[in-house]
Amino acid sequence: MNAALTTQAEPFTDSTDLLEAPEALRERAAEDGYLFFKKFLPTEPVLELRRQMLDVLASHGWMREDAEDIADLAAINRLGVDNETLSAMGVTNAVYRDIQCLELFHQIPHDPKLISLYETLFEAEVLPHPRHIARVMVPTPKSAPTPPHQDYIYIQGTHQFWTLWFPLGDCPLELGGLSVLGGSHREEVLDVMPARGAGGKEAILCDMDYRWVQGDYACGDILTFPSHMVHCGLPNQRGQKVRLSCDIRYQAADAEIEERSLAVHMGVAEWDDVYAEWKSDDLKYYWRKRELAMSDWDNSLMEDKERLC
């Protein structure tokens, strides 16, 4: 699947010109199923978060000392990291816990420009999910890009949440960005089967007349799409260069949310541990200030099915 994406895909449509035209922006979102914006985020905090994440990796012995973003594969192999760990997060629990504790990692999703964007899309007050995801793609034989999937089965709650994806730094195609299956947001929740890569599931795609959409990302670019949009990670083909990115979810504040979306991703820490070294209290437990509509988890959505096409 991923090998074909690099040659059979359309480029992203930049929607920056629609930011001051709310109705047209919502129309494009409904038609294309994704929105891509060039230079949407300020580069300074994005690059600072990149530096902090690379420092975490270096502190755990994952990086070469002679280059800031080159993984030390020999050292990683000596650590004996298993395939399952690399597939789920790209790093070990200890490394991921330290990344989750970075205050800036949790601040950027609350950028007023981002909140304004989702207020425009939802036409409602917005709730960013506190469960943010960091992707650390270290190109080792044990790791695998994220397979084609819909986010809904992993998040649940309202079907009307949107995912935000952005790289920490420039991310050309060969470094392994994110690709979306344009138009697939119109599909219902799809059946899944086992697969390597984050999430461990692949959406079963049968007789879909859609085109993959992808392209190079520059620092500050963002990609966002609704919960049923099929998307996948592209393989990192840049030798030992590490690719860093963030996944954030947003929804209308009064829509249903599932309890797991309020926890630290992968359960690597409790929130008190995450907050221990923070300088500001402003975002601590911010969702507890709201009266949330909770929903139940549907485990049947995760059940493996056979590909019958």
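## Helix packing, cavities and pockets

Met53, Val56 and Leu57 in helix α3 meet Val95, Asp98 and Ile99 in helix α6, where contact means heavy atoms within 4.5 Å. The model is predicted, with local features requiring pLDDT of at least 70 and side-chain atom pairs pLDDT 80 or more, whereas totals for chains, interfaces and linings use all residues. Residues are numbered from 1 along each chain as its sequence is written, and side-chain values use heavy atoms, without hydrogens or water.

**Helices α3 and α6**
- α3 spans residues 43-59 and α6 residues 93-100; helices are DSSP runs (H or I, at least four residues) numbered from the N terminus.
- The two helices pack at an angle of about 150 degrees, with their axes 10 Å apart; axes are lines fitted to C-alpha atoms over the stretch in contact, and angles run from 0 to 180 degrees between N-to-C directions.
- α3 and α6 are therefore roughly antiparallel (an angle over 145 degrees).
- Their crossing is right-handed, that is, the near helix is turned clockwise from the far one by less than a right angle.
- The contact of α3 with α6 comprises five nonpolar residues, one charged residue and no polar ones; Ala, Val, Leu, Ile, Met, Phe, Trp, Tyr, Cys and Pro count as nonpolar, Asp, Glu, Lys and Arg as charged, and the others as polar.

**Helices α2 and α8**
- α2 and α8 pack at an angle of about 75 degrees, and their axes are 9 Å apart.
- That makes α2 roughly perpendicular to α8 (65 to 115 degrees).
- From α2, Pro22, Leu25, Arg26 and Ala29 meet Leu117, Thr120 and Leu121 of α8.
- Five nonpolar residues, one polar and one charged make up this contact of α2 with α8.

**Second largest pocket**
- The second largest pocket has a volume of about 270 Å³; a pocket is an open set of points on a 1 Å grid with protein on both sides within 12 Å along at least five of seven lines.
- Among its 13 lining residues (an atom within 4 Å of a point), His159, Gln160, Trp162, His185 and Pro226 are the closest to the centre.
- α2 (22-32) and α8 (112-122) are the elements that give two or more residues to this lining.
- The largest share, three residues, comes from α2.
- By class, the pocket lining holds seven nonpolar, five polar and one charged residues.

**Cavities**
- The whole structure contains two cavities of 30 Å³ or more; in a cavity, a 1.4 Å probe fits but cannot get out.
- The second largest cavity holds about 50 Å³ of space, a volume being the space filled by probe spheres set on the points.
- His106, His110, Pro130, His132, Trp271, Tyr275, Trp278, Leu283, Tyr286 and Trp287 line the second largest cavity.
- This cavity lining has seven nonpolar, three polar and no charged residues.

Definitions and conventions:
Angles under 35 degrees count as roughly parallel, over 145 as roughly antiparallel, 65 to 115 as roughly perpendicular and the rest as oblique.
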